[in-house]
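I opened the notebook to go through one model.

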Amino acid sequence: MDFAFDARTEELRAELLAFMADHVHPAEAVAEEQRARQDSPWRTPPVVEELKAKARERGLWNLFLPDPGLGAGLTNLQYAPLAEITGHSPQLAPTALNCAAPDTGNMEVLAQFGSERQRKQWLEPLLAGEIRSAFAMTEPEVASSDATNIETRIERDGDDYVITGRKWYISGAMNPDCKVFIVMGKTAPDGPDIRRQQSMVLVEREAEGVEVRRAMRVYGYEDHYHGGHAEVVFHGVRVPVANLIGEEGGGFAIAQARLGPGRIHHCMRLIGMAERAIELMCRRAVSRTAFGKPLARQGQVHEWIADARVAVEQLRLLVLKTAWLMDTVGNREAHTEIQAIKIATPRTVVDILDRAVQLHGAGGVSQDFPLAELWAAARTLRLADGPDEVHQRSLARRELKKYLSTTRP
């Protein structure tokens, strides 16, 4: 990245780059070795806790939170280049900085909508990195790309809510440090406004009736470092009414507020993943020979590297523009750009990673390089936080609306 940001961002970038080089990248192999030796693959490797302590010492902690009383107080535009750097090691770096999903979104929800008691009980330990959390929305029996389809019931019974439903791909739920779920379900399933039927409640992972049934794989990976993606069943789980986040019927609006920052954070990290892919492509190209000359002198390889560089520079500018708009005019006015980056970034980064895999041959699909796992993560983000088609539909409708209201001459 050649252009300059403000002084504080540049200082944090320099500190983070040094932290990545000195601590995070060397810890990647160590973390894998430690995880393989543990009694549970879901337990956080000790080296990750060491990274967290080092990050806090350097002020690289809770960088995603714009509230200076809770986090670093950075704008989206300031955070963007930092999130990109963490994308070079997406398994370790975000967790080391306490900037990993789904905790980031959950912390934002509690900070914005949580009661004083909820913030004291759950937000404070999350901010300190003492516990992890999960966000339970997606369901296997319905098309969860349309959140109004959710079937989980949250029914009032005196001073309690009773939660019944089945969720899956609940990120982080396999980690024993995960202590609380934010569960989205319907408190008014027959309500006239389909966007006021949903609510969110806090459910302790150890509550009676919570069954963490199994870990769901993603292209064969279990994503141990982020606590997996679990299938979770709620068998008539009782929680106090005080565990309601916000108001009854406010779940859909809270979900939308949560997704805006989350989408741009994913896109920022994806650009970092693409940068690592380009680096690996270039290192591979100058170190291997085929058909009598180095891969770096093959015309096809030139095209792949050049196209990747152009695509990354374009994506970065679009993401930075989106971050700037979110800061200056708000998420609602930046809606088109948020959708545009969510469509373009995962799709483009998947293509770059695919070329990098191709250049590495058998090594590209092996565990000896990070490319296969990075590809799986990037491809999954074409589904997470809303599939491409949902964003395309919404974006196109906004564009068409400008013309549908125009009177023909």
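I began with contacts (heavy atoms within 4.5 Å). Among contacts in the protein with a separation of 6 or more, 74% join residues 24 or more positions apart.

I noted the ground rules next. This is a predicted model, where local features need pLDDT of at least 70, side-chain atom pairs count only at pLDDT 80 or more, and totals for chains, interfaces and linings use all residues. Residues are numbered from 1 along each chain as its sequence is written, and side-chain values use heavy atoms, with hydrogens and water left out.

Overall size came next. I took the radius of gyration over C-alpha atoms, with a globule rule of 2.2 Å times the number of residues to the power 0.38. For 409 residues a compact globule would come near 22 Å, and the protein has 22 Å, which agrees. Along the principal axes, the C-alpha atoms fill a box of roughly 75 × 75 × 45 Å.

I then looked up secondary structure as DSSP runs numbered from the N terminus (helices: H or I, at least four residues; strands: E, at least two). The protein has eleven helices and ten strands.

For burial I used relative accessible area with a 1.4 Å probe and protein chains only: buried is under 20%, exposed over 50%, partly exposed in between. Of the 409 residues, 52% count as buried. Helix α3, residues 76-86, is mostly covered, with ten of its eleven residues buried. Among them are Y79, L82 and I85.

I searched for cavities on a 1 Å grid over the protein atoms alone: sets of points where a 1.4 Å probe fits but cannot get out, with lining residues having an atom within 4 Å of a point. Points are joined across faces, edges and corners, and the volume is the space filled by probe spheres set on them. I got three cavities of 30 Å³ or more.

Last, cysteines. How many disulfides (cysteine sulfur pairs within 2.5 Å) does the whole structure have? I found zero. For C178, the nearest cysteine sulfur is that of C99, 18 Å away. C178 is buried, at 1% relative accessible area. C267 has its closest cysteine sulfur in C99 too, at 16 Å, too far for a bond. C267 is also buried, at 0% relative accessibility.

Note on methods:
On a 1 Å grid over the protein atoms alone, a cavity is a set of points where a 1.4 Å probe fits but cannot get out, and a pocket is an open set with protein on both sides within 12 Å along at least five of seven lines; lining residues have an atom within 4 Å of a point. A disulfide is a pair of cysteine sulfur atoms within 2.5 Å.
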